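Hi,

Here is the structure I said I would pass on.

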Amino acid sequence: MLGTALIVGLVAGLLEWDIYGWGHTQVNRPLVVGLVMGLVLKDPAKGLFIGASIEMIYLGVIAVGAAIPADATSATAIAVALAILSNIDPKVAVALAIPLAVVAQLLQMFIWTINSGLMHRADKYAEEGDLGKTDGLQYLGSFMFFLQGFVPAFLAVLLGAAAVGRLVNGMPAWITNWFKVAGGMLPALGFAMLYIMMGNNKLLPYFIIGFVLAAFFSANLVAVAFLGVAAAMIGVSVMSAKKTQGPAEKGV
Amino acid sequence: MEQGEVKHTENAGIKLTKKDLTSAFWRSLFDMSSINYERFQALGFLFAMTPIIKKLYPNREQRSAAMKRHLLMFNTNPVMINPILGTVIAMEEQNANGVDTTDAINDVKVGLMGPTAGIGDSLFWGTLRPIFAGLGAALALQGSYFGPVLFLLLWNVIYFGFRYLSVPYGYRVGITMLREAKKSNLVQKLSQGASVLGLMVLGVLVADWISIKTPVVFNAGQTVIKLQAVLDGIVPNLMPLLAFVALVALLRKRINPNKLLVGIFVVALLLSLVKFLAA
């Protein structure tokens, strides 16, 4: 199990690094983490399902200003690893990721706090005009976030895989039912947060169109996305037409 | 000190090249590496400026002053660092060539932080990424491995395109444009259009990917009536829609999402115990 734990930890750490080391390519999103972890542990289908399910929940959770959002990266990595290694029901694994994401968020806040120490060292280098030396501080800060991904995933698999498997698989039916029902409802919260962020009452019709197309006509999401692009283009040209007509108009 | 006053001319004539801007771009991707609660992305910004400072200021005193300038608190949406970076590079270049802009540099950084953060958060984090990730996740839940790949492709082309091009853009166009960016029509159009697309996609996600189902059945004489079938006859996916609407209403009342998260687990427990809901 040590070897597997090392690999899972390494993958989790590398993916966690996305925000803090290599430029927001979004490989840290649950959707990608799930697939990668699934491939590493040779059950890509399960990884893909769990990752995509967790993605739906965290779709609307974003970092605004200086707030750190729940960190679903290592949570997804751990949920997928445990689901595959301990043979847990994927739907239960999705619900397990929620508390893990909160723990990961707390760890991140801890690193944001201790990284403040880097600034004082940087001040010293600035005083001396030692330009190159600040680079090292940057790499050190970055490495802390790798550890933040690596350590929990490594420990969870090393110490937890067998125990969690026994625990979850021995759970009474009402608990697993509870988790599955909760897991089905959770995306509603993510979507609601997204709506609050993007929507205003003027744009409500577009939401209704999308819902009706899917619910009544079973429309494919990609098809609706294309319609959405068309609607956006119409909306924008109507907006510009209004702009050129009325000079008295103030921002929409 | 008066702005624009010609002060030191000893290293006048240092011109930055496209290569310098590109090198600052690559380094800017480490924006969050040393993020901390004291000065946020300050060290990250200095990290991106390092090759520029190295080239513009050969002597130690000037370097020290420049380093101190860029170690002051800085924080914005990572996507929007790059147009600011381009602007600041242009100002440092002027400064090195004898036009004193030292005080203005920090003013510009601080002044641009707020409005650009708003644009980046709402357009990139709040709209584009959820649309792409929602598309990818929906495909993935249908069993397609192309889902995550599509998500990464769509995001990275637009995202890296923007970050790469906005450094030279900021360098050329500079402060005035960026300051006007929030008011400018282009950004408004972009975010309006993106929101329209996002809301239509969101409508589909609400219909398809929230799963709330009841196993309740009524026995009316000989016939068995399934409650779920009755509900689907009215509006398909009615319960997911109602749950979504209720959560939007609660969020509008400024109820903390974490409380709602706990609330969902409580409701799920109660309704699954009385067998009104099942997975």
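How far apart do the C-alpha centres of domain 1 of chain B and domain 2 of chain B lie? They are 42 Å apart. Before you read on, please keep in mind that this is a predicted model.

Domains

The domain assignment of chain B puts domain 1 at 18–204 and domain 2 at 211–273. Chain A is also assigned a domain 1, covering 2–184, and a domain 2, covering 199–252. For chain A, the C-alpha centres of domain 1 and domain 2 lie 36 Å apart.

Where the chains meet

Chain A puts 94 residues into the contact, and chain B puts in 98. On the chain A side, helix H8 (residues 173–198) gives the most, with 20 residues. Sorted by class, that side of chain A has 63 nonpolar, 22 polar and nine charged residues.

The core

As background, nonpolar side chains in soluble globular proteins tend to be buried together. The largest nonpolar core here has 167 residues. Those touching the most other members are Ala77(A), Ala79(A), Ala81(A), Leu82(A), Ala97(A), Phe191(A) and Val201(B). Helix H5 (residues 102–141) of chain B supplies the largest share of this core, 16 residues.

Leaving out residues up to four places away in sequence, Ala81(A) touches Val8(A), Met37(A), Leu41(A), Ala153(A) and Val157(A).

A helix pair in chain A

Ala81(A) and Met37(A) turn up again where H2(A) and H4(A) meet. Helix H2 (residues 30–40) and helix H4 (residues 72–85), both of chain A, pack at an angle of about 35 degrees, and their axes are 9 Å apart. The crossing of H2(A) and H4(A) is right-handed. From H2(A) come Pro30(A), Val33(A), Gly34(A), Met37(A) and Gly38(A), and they meet Ala72(A), Thr73(A), Thr76(A), Ala77(A), Val80(A) and Ala81(A) in H4(A). By class, this contact has seven nonpolar residues, four polar ones and no charged ones.

Ala95(A)

Next, go to helix H5 (residues 90–114) of chain A, which holds Ala95(A). Is Ala95(A) buried or exposed? Ala95(A) has 24 C-beta neighbours inside 10 Å, so it counts as buried. Not counting residues up to four places away in sequence, Ala95(A) touches Phe179(A), Ala182(A) and Gly183(A). Ala95(A) and Leu186(A) are 91 residues apart in sequence, yet 8.6 Å apart in space, C-alpha to C-alpha.

Two backbone spots to check

Most residues other than glycine have a negative phi. His24(A) has a positive phi, near 60 degrees. His24(A) sits in the loop between helix H1 (2–20) and H2 of chain A. Why does His24(A) count as buried? The reason is its neighbour count: 22 C-beta neighbours lie inside 10 Å of His24(A), and the cut-off for buried is 20 or more.

Arg254(B) also has a positive phi, near 60 degrees. Arg254(B) lies in the loop between helix H10 (238–252) and helix H11 (257–273) of chain B. With 6 C-beta neighbours inside 10 Å, Arg254(B) counts as exposed, because the cut-off for exposed is 12 or fewer.

Cheers

Key: Residues numbered from 1 in each chain as written. Chains lettered and ligands numbered in written order. Predicted model: local features only at pLDDT ≥ 70, side-chain atom pairs only at ≥ 80, totals over all residues. Core = buried A, V, L, I, M, F, W, Y, C linked by C-beta atoms within 7 Å. Helix = DSSP H or I, 4+ residues; strand = E, 2+ residues; numbered from the N terminus. Contact = placed C-beta atoms within 7 Å. Domains from an automatic or database assignment. Nonpolar A, V, L, I, M, F, W, Y, C, P; charged D, E, K, R; others polar. Axes fitted to C-alpha atoms, helices over the stretch in contact; angles between N-to-C directions. Left-handed = near helix turned anticlockwise from the far one by under 90°.
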